[in-house]
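Subject: Handover of a structure

Hello,

Here is the structure I promised to pass on. Please open it next to this message, and my notes follow below.

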Amino acid sequence: MKFIYCTDIHYGATPVCRKDDYNEAILNKLRYIINYANKNNIKRIVVGGDLFDRPHQNYSDLIELISVIKFSGLKWVINRGNPTHDGVVENSPLTLIGSMDTNVRTSDSCQSYTTDDVSFIFCPNSVNIEEFEVSEFDKKLVSKKYILTHHILVKESVPYKHILCDDFAEKLDFDCTVFIADYHPAQGDFEITNSNGNVIRFISPGSVCRRKYTKDNIEKEPMFCEIDTEDETCIFVPIPCEKDVWNIPEDTDIDATELDMSRFRDNIEDFQEEMNLESAWHKFVSENEFPTDVTDMIYSYIKKGFK
């Protein structure tokens with residue numbers, strides 16, 4: 001069986017930094033993915049989470065998205081993302097889509113979905129990833145298992161709350177593939193062998209959306225993955241996207257990623273009199289939850305002058 005995996009579409013956003021029709025651009029990306037699937041005889045699209053950018057959608061925009069999904073002729077498996085984007089089950093456009101279309105299966109009604117000897121195991125954002133467990137039934141059901149996460153899983157530490165892929169791999173006692181969503185930059189395709197000898201494959205194409213004026217968004221070429229469950233190949237397929245879309249003055253500071261560092265900059269200003277960046281960082285860390293390895297890493301960069 002073949003299927004397409006994509007994630008973090010964020011339909012329904014209204015980014016002020018974009019001068020084009022953002023939602024139409026997202027629909028065009030989805031249409032490209034659907035056309036690719038139909039041309040290559042692929043019957044299923046899997047979405048890792050954050051199909052929506054906000055729970056409250058304009059009806060006319062929502063109808064357009066529902067039409068694209070409904071008339072695609074494909075089956076959809078959709079993992080629920082962050083509650084601030086996909087909403088909660090009781091009040092969400094994702095709930096509506098899942099209840100209206102029998103070709104759409106969401107993570108709301110079950111922990112896993114099995115088809116064609118392949119099991120999709122849901123780990124939506126509502127699940128505490130530290131407590132995530134796969135049932136013995138799902139472990140034994142089929143040989144090909146794909147875990148759909150929507151948490152910030154990363155290969156290397158980043159300066160905000162996250163879970164290292166090495167640590168997540170230690171929670172698993174069977175070979176499987178883990179799809180990474182929520183973290184927007186692409187991390188590629190890599191394997192980790194845990195202490196039990198299980199091989200955990202991680203696949204991260206990054207987000208489909210480009211909704212913030214940051215270096216990773218400006219330079220991003222959105223991608224989706226074509227997965228073949230028989231030979232276990234993964235092909236990263238670029239999605240054509242708009243180029244001249246940004247509505248930002250030329251002298252605007254550009255952050256590297258979507259991480260909002262405005263509070264950190266405010267703290268630096270607080271300590272401007274003593275010009276002590278180390279103190280600013282310590283204050284920022286004290287007011288936020290950060291893993292120790294992250295704080296130590298950033299602190300070491302500060303001491304070295306980010307060289």
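V178 has F202 in β12 as its bridge partner. The two strands involved are β10 (residues 176–179) and β12 (residues 199–204), which pair in the parallel sense over four bridges. Strands here are DSSP runs of E, at least two residues long, and helices are runs of H or I of at least four; both are numbered from the N terminus. Two strands count as paired if DSSP finds at least two bridges between them.

A word on the source. This is a predicted model, in which local features need pLDDT of at least 70 and side-chain atom pairs count only at pLDDT 80 or more, while totals for chains, interfaces and linings use all residues. Residues are numbered from 1 along each chain as its sequence is written, and side-chain values use heavy atoms, with hydrogens and water left out.

Next, confidence. The mean pLDDT (the predictor's confidence in each residue, from 0 to 100) is 87 for the protein, and 87% of its residues reach 70 or more. Residues 271–275 have pLDDT below 50, and this stretch has five contacts in the model beyond near neighbours in sequence. A contact means heavy atoms within 4.5 Å. Where pLDDT is low, the predicted coordinates should not be read in detail.

Back to the strands. β10 and β12 sit in an open sheet of six strands, ordered β5-β6-β7-β10-β12-β11, with mixed pairing. β5 (112–115) and β11 (188–193) are the edges; each has a single partner strand, so one side of each has no neighbour in the sheet. On average, neighbouring strands of this sheet are turned by 20° against each other, direction ignored. Those angles are between lines fitted to C-alpha atoms; in general, angles run from 0 to 180 degrees between N-to-C directions, and helix axes are fitted over the stretch in contact.

β12 also pairs with β11, in the antiparallel sense, over six bridges. There E191 stands opposite R201 in β12. The β11 and β12 hairpin has five residues between the strands, and G197 takes a positive phi near 90°.

There is another open sheet of six strands. Its order is β4-β3-β2-β1-β13-β14, again with mixed pairing. β4 (104–106) and β14 (233–238) stand at its edges, each with a single partner strand, so one side of each lacks a neighbour in the sheet. β3 (residues 75–78) runs parallel to β4, joined by three bridges. I78 has T106 in β4 as its bridge partner.

Finally, which residues line the largest cavity? They are I66, I69, K70, I97, M100 and D101. α2 (59–70) and α3 (93–100) each supply at least two lining residues. α2 gives the most, with three.

Best wishes

Conventions. On a 1 Å grid over the protein atoms alone, a cavity is a set of points where a 1.4 Å probe fits but cannot get out, and a pocket is an open set with protein on both sides within 12 Å along at least five of seven lines; lining residues have an atom within 4 Å of a point.
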